[in-house]
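Morning, everyone. I'd like to take a few minutes on one interface today. Please have a look at the structure first.

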Amino acid sequence: MSGVAKYLSAVALSAAAFLSPALAAEETEALGDADNGAVIFRKCQSCHAVGPDAKNKVGPQLNEVFGRKAGAIEGFRYSDGLIREGNNGLVWDYEHLDAYLNNPKALVSDTRMNFRGLKDEQERHDVLAYLRQFSASPRDIPEAQPTAIPKEIELSDEILAIVGDPEYGEYLSSECTTCHQRDGGDEGIPSITQWATEDFVTAMHAYKEKIRPHPVMQMMAGRLTDEEIAALAAYFAALED
Amino acid sequence: MTLNRRTFIATGVATATMAAPMVRASGKPRVVVVGGGAGGATAARYIAKDSKGEIDVTLIEPSRQYYTCFFSNLYLGGFREMQSLGHSYGALASQGVNVVHDWAVGIDRDAKTVALAGGGSVSYDRLILSPGIDFIEGAVPGWSVASQNKMPHAYKAGSQTELLRAQIEAMPEGGTYVMVAPPNPYRCPPGPYERISMVAHTLKATNPTAKIIIVDPKDKFSKQALFEEGWGKHYSGMIERIGPDFGGDKVSVNADEMTVDVDGEVIKADVCNVIPAMKAGRICEMASITDGNWAPVSGHTMQSRIDENIHVLGDACAQGDMPKSGFSANSQAKVAAMAVRGALTGSKVFPAKFSNTCWSLIDSDDGIKVGATYEATDEKIAKVDGFISATGEDAALRKATYEESVGWYAGITADMFG
């Protein structure tokens with residue numbers, strides 16, 4: 001499954017959480033209602049805490065669960081199954097959380113989470129929208145999971161077809177590398193090295209149109225022409241670590 | 001690579017006697033950079049990297065270990081250790097920059113040479129000056145550089161910052177910290193006010209009855225609404241600011257008595273942090289490329305308006321709308337590096353673009369930011385677009401802003417030093 005496809009189900013959620021309702025309706029299909037999710041979450045509260053000062057109970061605390069490797073909270077005693085799946089690469093992205101909430105034992109057969117599952121799709125989306133609010137970091141950094149929203153803007157074939165000039169991209173990139181590390185380091189600020197060009201172009205246009213929310217990036221992208229965005233995409237895609 | 005001084009001088013002399021047309025019959029074009037901070041280190045690195053050996057780049061910087069002024073307030077607040085702000089020049093040297101640890105003490109613009117304190121001189125085809133700031137003598141009556149061990153400025157990071165922190169830690173219970181804030185324009189517009197926040201953060205934990213007084217000659221200051229909101233929220237009752245309407249512009253100090261006179265009213269200080277009015281680093285005056293306190297430049301190339309063979313970066317230059325910040329200096333360095341390469345090797349030159357963002361920390365996980373983009377016009381570097389954090393933002397966004405600033409620190413220092 002491609003990275004992009006994997007993110008698709010997260011698209012609507014992050015949009016609902018971070019875009020104005022009007023934009024979200026225009027650009028994506030709204031899925032989750034966090035307020036309703038808070039009510040549904042009462043079913044989970046006997047075992048799971050979330051929010052400020054949340055501690056592990058029968059189940060682990062759920063702050064920052066989005067993007068977390070399964071079985072990864074230090075000091076919590078997980079089932080062998082969750083530790084195994086974590087080591088196999090299971091990361092709690094939207095898609096996997098959704099599947100797990102639907103039927104925990106279907107995803108991790110020997111989990112100790114004795115919950116029959118939320119069968120109503122909308123309820124799952126609502127509760128995930130609620131939980132998403134407690135995985136704030138790195139909110140507004142759409143390149144990183146789980147806020148990746150690569151398809152939030154439809155670009156014309158003409159824009160996507162522009163072949164960028166990497167030499168120009170190299171010069172323009174010097175503005176990016178004041179914050180984004182060329183070698184792909186991503187402490188606090190995401191890496192933009194070796195992105196697929198289409199993802200890069202889409203993201204930059206989404207900032208330019210102020211659909212993605214980050215004010216620095218809106219400003220930086222806001223004055224780039226279509227050709228300049230293509231040039232940057234070409235340069236960063238080809239950049240070696 | 002480090003140069004043995006004897007060989008280095010010999011090289012310098014040899015080059016000087018070769019005379020210097022723009023493109024030499026033999027030998028590479030030569031760029032000398034004075035000052036290894038956000039402007040100079042970035043320019044040296046980008047020219048060496050992008051010219052791929054076609055340009056000989058020498059960086060003259062007296063310190064072997066550079067401490068960034070940006071984030072040094074976080075050291076005062078206990079959020080960073082001094083060691084984490086230190087950077088050496090080893091990586092630049094391995095990327096082809098000749099790093100010479102010495103003071104530049106004079107510039108002969110006709111001969112195109114830079115004299116070094118250790119003796120000898122080095123010749124250039126293009127000179128880049130990025131010396132940062134110096135203080136205007138007599139700006140705060142009673143204070144001189146000789147007073148800095150009693151009343152530190154801590155506006156060049158390193159031992160001054162360590163001294164200030166030690167003084168804050170030694171304050172008596174309920175003591176008074178006074179800051180004499182600088183007039184515009186100065187390095188890092190939000191810097192004094194972030195510092196106040198960080199000092200308050202430290203005192204709140206260790207000496208909660210202590211007082212902080214800012215004596216300020218300015219009517220208003222950078223991110224004022226955001227800082228004042230934060231001070232009310234985190235440090236209520238601790239911070240008092242005396243603006244020009246109450247004599248904040250009529251201040252003198254007595255370092256022996258540790259007193260501050262504000263328009264006739266004498267305040268006894270336990271710590272007095274004097275940040276005097278600023279001017280371009282002295283080497284600019286020595287080169288006679290200043291007009292008033294700063295060195296005017298063209299925004300298209302960062303070339304001095306007085307000598308086209310000299311580019312001036314960062315705090316020292318007068319360029320227009322950009323604030324004096326490490327981010328700005330780094331941004332300007334890239335434009336200068338491109339222009340210098342274009343002039344010396346004929347490489348492609350693109351239109352200048354600039355940007356700046358300044359993050360400030362008010363308290364744990366309470367970060368704010370202000371930023372803008374800029375373009376070059378014939379008159380100046382002109383602002384295009386900008387943004388600022390809003391008052392009343394939620395805690396998660398403020399935390400994310402702080403985390404972003406930490407990422408920026410890692411990014412810009414990698415961009416400067418390689």
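**Where chain B meets chain A**

Let's start with polar contacts. Between chain B and chain A there are 15 residue pairs in polar contact, both partners at pLDDT 80 or more. Keep in mind that this is a predicted model.

Which elements of chain B give two or more residues to the side that touches chain A? There are helices and strands here. The helices are H2 (40-51), H9 (326-345) and H10 (395-417) of chain B. The strands are E22 (353-363), E23 (366-376) and E24 (381-388) of chain B. H10(B) gives the most to that side, with 13 residues. By class, the side of chain B that touches chain A has 21 nonpolar, nine polar and twelve charged residues.

Now the overall extent. On chain B, 42 residues are in contact with 28 residues of chain A. The two chains bury about 2,700 Å² between them. Of that area, 57% is on carbon and sulfur atoms.

Next, charge pairs. How many salt bridges are there between chain B and chain A? The count is two. In one salt bridge, the side chain of Glu228(A) meets that of Lys353(B), at 3.3 Å from N to O.

Last, the annotation. An unreviewed UniProt entry places a domain, "Flavocytochrome c sulphide dehydrogenase flavin-binding", at residues 352-417 of chain B. In the model, that span is 35% helix and 45% strand.

Note on methods:
Residues numbered from 1 in each chain as written. Chains lettered and ligands numbered in written order. Predicted model: local features only at pLDDT ≥ 70, side-chain atom pairs only at ≥ 80, totals over all residues. Heavy atoms only, no water. UniProt positions renumbered as here; feature names shortened; annotations may be inferred. Helix = DSSP H or I, 4+ residues; strand = E, 2+ residues; numbered from the N terminus. Contact = heavy atoms within 4.5 Å. Buried area = accessible area lost by both parts, 1.4 Å probe. Salt bridge = Lys/Arg side-chain N within 4 Å of Asp/Glu carboxyl O. Polar contact = N/O pair within 3.5 Å; in protein donor to acceptor, adjacent residues only side chain to side chain. Nonpolar A, V, L, I, M, F, W, Y, C, P; charged D, E, K, R; others polar.
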